[in-house]
Amino acid sequence: MTANLPSASPAVVRLTRFTRTELSDIAGDGEDAFGVSWTGLTWRAKEEHFGIERDGRLVAHTGLVTVPLSIGAVETRAVGVGGVIVAPDLRGQGLVRIVMTAALEHARKRGPEYGLLFCMPHLLPLYERFGWQQLHEEVEVEQPEDTTAIMPLRTMWVPLREGARWPVGPVRLRSLPM
């Protein structure tokens, strides 16, 4: 299931899969581990997964997926970050920082200039401490059957390349949200 990441902290592992079973290891068996079912959105699966294991148990996760988007007249891509979660009994111990740092180090090698994530309003200060910046524009996201929706969560971005600046204009994620 896992392989050690040579360039990251020894506590971080690259997961070969992240299924409902692995999510249950972290969050228990609740139906809405991320607290976003109220949005009514369909979410895109991540392609790459990073985690922290303690005593044989997965206790933290961050997932990545490259997504197409348009910002004003600019067509570009971003590395979408999602599925960020830490076991409730281990929150406040810096595990988000560790697993997020490893995932973003990897994201910087993927090519896009931007990282993009959606989060609950109460998590804005957490991500801001890691260098993420809030977008104040509405973000349109694709949904099944050629429909779109306005993202009800807060949108944040982080530069993945030195000097990267977020373009001006309306934002449309040209995929399901991550």
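Let's start with helix α2, which covers residues 95-107: its 13 residues reach 18 Å from first C-alpha to last, close to the 18 Å expected at 1.5 Å a residue (1.5 Å times one less than the number of residues). This is a predicted model, in which local features need pLDDT of at least 70 and side-chain atom pairs count only at pLDDT 80 or more, while totals for chains, interfaces and linings use all residues. Numbering runs from 1 along each chain as its sequence is written, and side-chain values use heavy atoms, without hydrogens and water.

**Helix α2**
- Buried residues in α2 are Leu95, Val96, Val99, Met100, Ala102, Ala103, Leu104 and Ala107 (buried: under 20% relative accessible area, 1.4 Å probe, protein chains only).

**Around Met151**
- Met151 sits in the loop between β9 (147-150) and β10 (154-159); strands are DSSP runs of E, at least two residues, and helices are runs of H or I, at least four.
- Met151 counts as buried because its relative accessibility is 7%.
- Beyond four places in sequence, Met151 touches Leu41, Trp43, Phe118, Val139, Val141 and Pro177 (contact: heavy atoms within 4.5 Å).
- Glu140 is eleven residues from Met151 in sequence, and their C-alpha atoms are 6.1 Å apart.

**Confidence**
- The protein chain has a mean pLDDT of 92, with 94% of its residues at 70 or more (pLDDT: the predictor's confidence in each residue, from 0 to 100).
- Over residues 2-10, pLDDT stays under 50, and the model has 18 contacts for them beyond four places in sequence.

**Annotated domain**
- An unreviewed UniProt entry places "domain: N-acetyltransferase" at residues 13-154; such annotations may be inferred rather than shown by experiment.
- Residues 13-154 are 19% helix and 40% strand, with end C-alpha atoms 28 Å apart.

Key: Buried means under 20% relative accessible area, exposed over 50%, partly exposed in between (1.4 Å probe, protein chains only).
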